[in-house]
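Subject: The structure we talked about

Hi,

Here is the structure I promised to pass on. Please open it alongside this message, and my notes follow below.

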Amino acid sequence: MTGQERRRQLLDVGRVLFAERGYEATSIEEIATRAGVSKPVVYEHFGSKEGLYGLVVDREMQLLLDRFTSVLSGGHPRELLEQAAFALLDYIEDETDGFRILIRDSPVVSTTGSFSSLIGQVASQVEHILDQEFKARGYETTLAGLYSQALVGMVALTGQWWLEVRRPDKAEVAAHLVNLAWNGLSHLESQPGLASQHLR
């Protein structure tokens with residue numbers, strides 16, 4: 001096995017163990033044993049458990065961000081909502097271990113940030129789309145950022161819930177997310193108010 005192949009193997013083993021047990025409960029010794037190497041080999045490649053964990057998180061962050069970026073590049077806004085919902089749900093289904101790692105509170109600062117910062121990056125892309133849609137409908141474009149955070153946050157939190165329950169199926173979850181998001185956006189009030197008088 002070449003050095004690059006060994007490094008990839010250790011990243012994959014670490015990914016599985018961090019997803020199963022969490023960062024604190026996973027040891028370098030356990031990673032080495034699962035990979036069939038000695039502990040010094042792990043240290044040689046990553047320097048520490050923190051180094052390995054940070055690279056695992058970076059790899060997952062980039063993978064998920066790439067999925068979002070690839071589907072938010074054009075098309076009708078409703079189609080973009082559908083594609084964004086499927087991008088996250090597909091990732092959860094295909095890369096369950098990776099998603100479990102991303103949503104944990106990480107004790108290690110990764111170079112690409114945290115799950116919340118990734119969601120912020122996706123929201124920025126959605127904001128650009130909403131800005132154009134708001135202009136076309138005569139809505140206040142300065143609020144596109146607020147609505148993009150709300151939409152992306154809704155999808156992200158629903159994804160975390162679906163990770164555990166896995167029902168209804170992925171297509172139905174995506175359809176309901178888009179139903180709520182799109183029909184909500186389609187009937188936005190230009191000057192929304194509150195039904196009750198909480199504000200004084």
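Predicted model: local features only at pLDDT ≥ 70, side-chain atom pairs only at ≥ 80, totals over all residues.

Let me begin with a loop: arginine 166 sits in the loop between H8 and H9. Although arginine 166 is not a glycine, it has a positive phi of about 55°. The loop between helix H8 (144-165) and helix H9 (170-186) also holds proline 168, and the peptide bond joining arginine 167 and proline 168 is cis, with omega about -5°. As you know, most residues other than glycine have a negative phi, and most peptide bonds are trans.

Now for the overall picture. The protein chain has 9 helices and 0 strands, and its C-alpha trace spans about 65 × 40 × 30 Å along the principal axes. The chain is divided into domain 1 (1-47) and domain 2 (56-188), and the C-alpha centres of these two domains are 31 Å apart. Their contact takes 11 residues from domain 1 and 11 residues from domain 2.

How much area do the two domains bury between them? The figure is about 930 Å², with 57% of it on carbon and sulfur atoms. On the domain 1 side, Leu11, Arg15 and Ala19 supply 61% of the area buried against domain 2, more than any other three residues. There are also 3 salt bridges between domain 1 and domain 2. Have a look at the side chains of arginine 15 and glutamate 95 as well, which meet in a salt bridge at 2.6 Å, N to O.

Helix H1 (residues 3-21) and helix H4 (residues 49-71) have their axes 10 Å apart and pack at an angle of about 85°. The two helices, H1 and H4, are therefore roughly perpendicular to each other. By class, the contact of H1 with H4 has 7 nonpolar, 1 polar and 6 charged residues. If you want to display them, the H1 side consists of Arg7, Leu10, Leu11, Asp12, Gly14, Arg15 and Phe18. These meet Lys49, Leu52, Tyr53, Leu55, Val56, Arg59 and Glu60 in H4.

Best wishes

How values were computed
Residues numbered from 1 in each chain as written. Heavy atoms only, no water. Axes fitted to C-alpha atoms, helices over the stretch in contact; angles between N-to-C directions. Helix = DSSP H or I, 4+ residues; strand = E, 2+ residues; numbered from the N terminus. Parallel < 35°, antiparallel > 145°, perpendicular 65-115°, else oblique. Contact = heavy atoms within 4.5 Å. Nonpolar A, V, L, I, M, F, W, Y, C, P; charged D, E, K, R; others polar. Domains from an automatic or database assignment. Buried area = accessible area lost by both parts, 1.4 Å probe. Salt bridge = Lys/Arg side-chain N within 4 Å of Asp/Glu carboxyl O.
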